[in-house]
Amino acid sequence: AMRIIRLFTICMLMVLAGCATQQQHTQKSDGPLIAADTSRTIDLTHPPRDMWDRIRRGYSIPNLNTELVDYWTDYYASRPQSLLVMSQRASKYLFHIVDEIEARGLPTELALLPFVESAYNPDAYSRAHASGLWQFIPSTGKYYNLEQNWWLDQRRDPIASTDAALNYLNYLYEFQGDWYLALASYNWGEGSVKRAIARNESQNLPGDYLSLTMPEETRNYLPKLQALKNIITDPKRYGITLPDISNEPYFTSVPRTSDIDMTVAAQLAEMSVDDLRMLNPSHNRPVIPADNTSLLLPTNKVDTFKRNLASFTGKLSNWKVYQPKQGESFASIAKEHGISVAELRSLNGLNAKQTVASAQLLLPIDVSDARITMTAQGAPVTAQATLAAQAQQPRAAATRAVARNYRVRKGDTLFAIARKYN
């Protein structure tokens, strides 16, 4: 009888312990969500409230908990204005990027990577000549079929560069078999990471991410991403207010059948040239050729653009492309088209030592109508078009140029410096 009583008592204690454990787990999930719990405790029975909510639902990279993560979390949390500016830039691209991430079955944390890479600035340009939201260097960009020519640089194209970046990241994950190592490879190069692993293994040391000796930039790379993930997962905990970003497409691709100047396109869409360039930053020239990449417009501006285009009677472009004859000199081309050699060189970014044309040139259609000036992009616009654009943008915020000193570094170009400082 005593054995039966003891056995019954033990069984009751086990049942009560199980209930207490279940109750404790339930209470834990009732509190504020943290990065470690988000992907498991979030309610997936309702559609995402906004883009931030949608990103949180797709987390699948294990959380990193180190002193560097704490440092960068505090760093970003203490700079709410910087986070706001970056998030406002990101609002134009996040829907497309998350759509592409989900289509590939990749972790949505990757949508936060451009915060680290470029502060979500498509015009970002590094000392290593990396460019765009995803900071492709020229060679890697070419390997992933990103065109880089006189007309455009697709490393700055939000659609093409996102496709290339996600393909590259997917390859790195399959190559390394670990997201920490894959992300370190994106920053440092897969060969460098593999060699670091081999060095550790040759010394009987672990080959995991935390055990590797890496350059300072790479060592801080993943902690920055985790810090941003921490803040976006629970912004209230860090005193951060994220801007509203609706879970809807921000931009739409509009097909064209003729060349169009960037300034004219902005007029027809009734938006500022700067805002239009943020969606079409890959173009190196003021005219977008009909046979080039599509024109991206805010979704809520497409109907306005089409309506104004249908009734537009002016020139869509003030520029034409000229294909020089073999051995044709710049002097003869300039004379034939009624402009000076200096204007021709300035217009096309030509070296003063060059005398014979060997590639396409951009020329004004009507010289009397096209007084050549240079934009900060290193490309021309007409005074007439500029004035017309300003007339169509009475509500655009006026900006005042701020003088600053810049020390030229080896490898810098005027084009790169101009884009960097807008």
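Guide: First, a definition: on a 1 Å grid over the protein atoms alone, a pocket is an open set of points with protein on both sides within 12 Å along at least five of seven lines, a cavity is a set of points where a 1.4 Å probe fits but cannot get out, and lining residues have an atom within 4 Å of a point. Grid points are joined across faces, edges and corners, and a volume is the space filled by probe spheres set on the points. This is a predicted model, where local features need pLDDT of at least 70, side-chain atom pairs count only at pLDDT 80 or more, and totals for chains, interfaces and linings use all residues. Residues are numbered from 1 along each chain as its sequence is written, and side-chain values use heavy atoms, with hydrogens and water left out.
Visitor: Thanks! How much space lies in the second largest pocket?
Guide: About 1,000 Å³. It is lined by 35 residues, and V116, E117, S118, S126 and Q135 are the closest to its centre.
Visitor: And how does that lining divide by class?
Guide: Into 19 nonpolar, nine polar and seven charged residues. Here Ala, Val, Leu, Ile, Met, Phe, Trp, Tyr, Cys and Pro count as nonpolar, Asp, Glu, Lys and Arg as charged, and the others, Gly among them, as polar.
Visitor: What about cavities: how many of 30 Å³ or more does a search of the whole structure find?
Guide: One. The largest cavity has a volume of about 60 Å³, and I61, P62, E109, Y180, L222, L225, Q226 and K229 line it.
Visitor: Which helix gives the most to that lining?
Guide: Helix 12 (residues 216–233), with four residues. Helices (H or I, at least four residues) are DSSP runs, as are strands (E, at least two), numbered from the N terminus.
Visitor: Switching topic, which residues of helix 17 are buried?
Guide: L344, R345, L347 and N348. They cover an arc of only 165° around the axis, which puts them on the same side of helix 17. That arc is taken from the directions from the helix axis to the C-beta atoms. Buried means under 20% relative accessible area (1.4 Å probe, protein chains only), exposed over 50%, and partly exposed in between.
Visitor: What follows helix 17?
Guide: G349, with a positive phi near 65°.
Visitor: Last one: what share of the chain's residues count as buried?
Guide: 45% of the 422 residues.
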